[in-house]
Amino acid sequence: MSLFDHLEELRERLFISILAVGAAVMGCFIYSKELIMLLEAPVSSQGVRFLQLAPGEFFFTTIKVSGYCGILLGSPVILYEIIAFILPGLTKSERKFLAPIVLGSSILFYAGIAFSYSVLTPAALNFFVTYAEGVVESLWSIDQYFEFVLVLMFSTGLSFQVPVIQLLIGQVGLVSGDQMFSIWRYVVVGAVIAAAIVTPSTDPLTQLLLAGPLMGLYFGGAYTVKFIGK
């Protein structure tokens, strides 16, 4: 294919990706109130009330939630279009390695989001509610609440990509599995620091709940790199 043909194919695949994400965003916007009620569930039983502090704040919040959820639902299409574009230029061995990487990355990303929703988010919000109990009433801005929840969920999903990065650098030959195990002390410190950066909350409980799985994922990735190296 000529350069013009490659650019034309890239344009078509970008258009399909944008169309898929746009359709997903529109679908999520139609059910935005149901999505918001689902995301409010971690604190709905603890007496927290949500306020609209400015005209149109709830409307723009529904757009934000629909955008995040639309990108999440449309990401498989985006990933497929990227793979379909680069696949013809890969060798046979690279194609064999690409499939488990893509599958593992997708599973880990969605697992990170599920872990954040079911464990991290309730733990962080429960800490804030319990800490303020008996002193102040929990009246939260609807926009700031969803900013907190969505950032925490997506950042956790991205942080769960650690084993994928390890497999990539291990496959290239930059680092071996034994070398990854040898720096475990730095990994423990790094996981705690990364958890503090990724989590938008400042409570130590949420940071430790994220640091634990990050360390587990790292050691699991190191073992996989070592096993493949054999």
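**The whole chain**

Begin with the complete model, which is predicted. The protein has 230 residues, and 34% of them count as buried. Its C-alpha trace spans about 60 × 45 × 20 Å along the principal axes. Colouring by secondary structure brings out 9 helices and 2 strands, arranged along the sequence as α-α-β-α-α-β-α-α-α-α-α. Among contacts with a separation of 6 or more, 83% join residues 24 or more positions apart. With a surface displayed, the protein exposes about 13,500 Å², of which carbon and sulfur atoms supply 72%.

**Annotated spans**

Residues 12-32 are 95% helix and 0% strand, with end C-alpha atoms 29 Å apart. Residues 65-90 are 85% helix and 0% strand, and here the end C-alpha atoms are 37 Å apart.

Select L7, L10, L14 and I18. Together these residues form a nonpolar patch on the surface, with about 380 Å² of accessible area. L10 belongs to helix α1, which covers residues 3-30. L10 is partly exposed, at a relative accessible area of 33%.

Why are E8 and R11 separated by about one helical turn? The two residues are 3 apart in helix α1, which accounts for that separation. E8 is partly exposed, with a relative accessible area of 27%, and R11 is also partly exposed, at 49%.

Now select E9 and R13. These residues form a salt bridge in which the closest N and O atoms are 3.1 Å apart. E9 and R13 are 4 residues apart in helix α1, and therefore about one helical turn separates them. Is E9 buried or exposed? E9 is buried, with a relative accessible area of 16%. Side chains of opposite charge can pair when their charged atoms come close. The structure holds 6 salt bridges.

Move to G70, which is found in helix α3. G70 is buried, with a relative accessible area of 0%. Which residues does G70 contact, leaving aside neighbours within four places in sequence? They are V21, A24, V25 and C28. For a distance along this part of the chain, select the C-alpha atoms of G70 and G56: they are 14 residues apart in sequence and separated by 21 Å.

T62 also lies in helix α3. T62 is buried as well, at a relative accessible area of 4%. Beyond its neighbours within four places in sequence, T62 is in contact with F29, S32 and I36.

**A link between α3 and α5**

Select D143 and K64, whose side chains meet in a salt bridge at 2.9 Å, N to O. This pair joins distant parts of the chain, since D143 is in helix α5 and K64 is in helix α3, 79 residues apart. D143 is partly exposed, with a relative accessible area of 25%; K64 likewise counts as partly exposed, at 24%.

Centre the view on L210. Not counting residues up to four places away in sequence, L210 touches L120, T156, S159, F160, A195, V198 and T199.

Note on methods:
Residues numbered from 1 in each chain as written. Predicted model: local features only at pLDDT ≥ 70, side-chain atom pairs only at ≥ 80, totals over all residues. Heavy atoms only, no water. Contact = heavy atoms within 4.5 Å. Patch = residues over 30% accessible without salt bridge, like charges linked within 9 Å, V, L, I, M, F, W, Y side chains within 5 Å. Areas by Shrake-Rupley, 256 points an atom, 1.4 Å probe, with all protein chains shown as cover. Salt bridge = Lys/Arg side-chain N within 4 Å of Asp/Glu carboxyl O. Buried < 20%, exposed > 50% of the residue type's maximum accessible area, 1.4 Å probe, protein only.
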